[in-house]
Amino acid sequence: MGTEDQRGRITIDLFSTLDGVQQAPGGPEEDPSDGFRFGGWQAPLNDPAVGEWVMAGMDGMDALLLGRRTYDIFAGYWPQHTTGDAEGVIGRLFDRIPKYVASRGTPRLDWQGSMLLGPDLLAEVDALRDKHRSVHVIGSIDFARTLFDAQLFDELRLWVYPVVLGAGKSLFHDGTVPASLRLLGPAETSPDGVVQLRYAPNGEPSVGDMTAD
C-alpha cells in the first residue's frame with residue numbers, strides 16, 4: 001500500500017440502543033461504570049440477521065484495534081472459542097490477526113499477536129492504514145470517541161436495536177466534535193427491528209435557513 005486510495009480502511013463497529021447507548025451490550029460485568037445497570041441489554045434481542053451482517057462485515061478484516069477494557073474482555077473469551085461454526089469462525093479470526101491496543105498504562109498483553117500502541121496514538125492508528133486492508137474497532141467506546149472526534153475512521157457501522165435505556169455511555173457525548181456523515185448504502189432492517197446503518201465521515205456540518213424564500 002502506498003497512495004491514498006490504496007490505503008486500508010478503519011471501521012468502527014458498535015451495537016447501539018435507539019437512544020444511542022452503546023455501553024455493555026454483551027453482559028452485566030462488561031462495563032458497570034457509572035452505575036450502569038443494563039449490562040447485557042443485547043442478549044434478549046439476539047437477532048439472527050445481525051449475526052449474518054456481522055459475519056459479512058468481517059470479510060477481509062486483517063487487524064483489530066481495541067481499547068484496554070474491550071481487549072481484556074476479548075482476550076478472556078475468544079481464545080477459548082475457536083471451534084464450531086459461526087462463533088468459531090470469529091474466534092479463529094480474532095486469534096489469528098494482529099490486535100492493537102490503546103491504553104494509558106502498560107498492560108500485559110498475553111494474547112498472541114497483541115501490540116500496545118505508543119503515546120502518539122492518532123499517528124500510529126493512521127499508520128495502520130499502510131499495514132492492513134481492513135482494521136476494525138469493536139466496542140471500545142472511549143477509544144472510538146477519540147477516533148470519531150479526530151475523524152480518523154473510514155466507516156461507522158451501527159446496529160441499532162429497538163430498546164431505550166435512558167442512560168449509559170454513547171459515542172456521541174457532551175463535547176463531541178461536530179461532524180456530518182454520509183450514508184454508504186441503504187439502511188437494512190431485520191424482522192426483529194434491528195437496523196444496520198453504515199456511514200462515512202463527511203466534513204463539518206452545514207447550516208441553512210428553511211424559512212428563507
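Which residues of helix α5 (residues 141-149) are buried? In this predicted model, local features require pLDDT of at least 70 and side-chain atom pairs pLDDT 80 or more, while totals for chains, interfaces and linings use all residues. Residues are numbered from 1 along each chain as its sequence is written, and side-chain values use heavy atoms, with hydrogens and water left out. In α5, the buried residues are I141, F143, A144, R145, L147 and F148 (buried, under 20% relative accessible area; exposed, over 50%; partly exposed, in between; 1.4 Å probe, protein chains only). Helices (H or I, at least four residues) and strands (E, at least two) are DSSP runs numbered from the N terminus. Q151, with a positive phi near 55°, follows α5.

Strand β6 (residues 155-161) is largely enclosed by the rest of the structure, because seven of its seven residues are buried. E155, R157, W159 and Y161 point one way from β6, and L156, L158 and V160 the other. β6 runs parallel to strand β1 (residues 9-17), to which seven bridges join it; strands pair if DSSP finds at least two bridges between them. L158 in β6 stands opposite L14. With strand β9 (residues 195-201), β6 pairs in the antiparallel sense over five bridges, and Y199 in β9 is the bridge partner of L156.

The whole structure contains 10 aromatic pairs (Phe, Tyr and Trp rings, the six-membered ring for Trp, with centres within 6.5 Å; planes under 30 degrees apart are stacked, over 60 edge-to-face, the rest tilted). F15 and W159 form a tilted pair, since their ring centres are 5.1 Å apart and their planes at 35°. F15 in β1 and W159 in β6 are 144 residues apart. Ring pairs link F15, W41, W159 and Y161 into a cluster.
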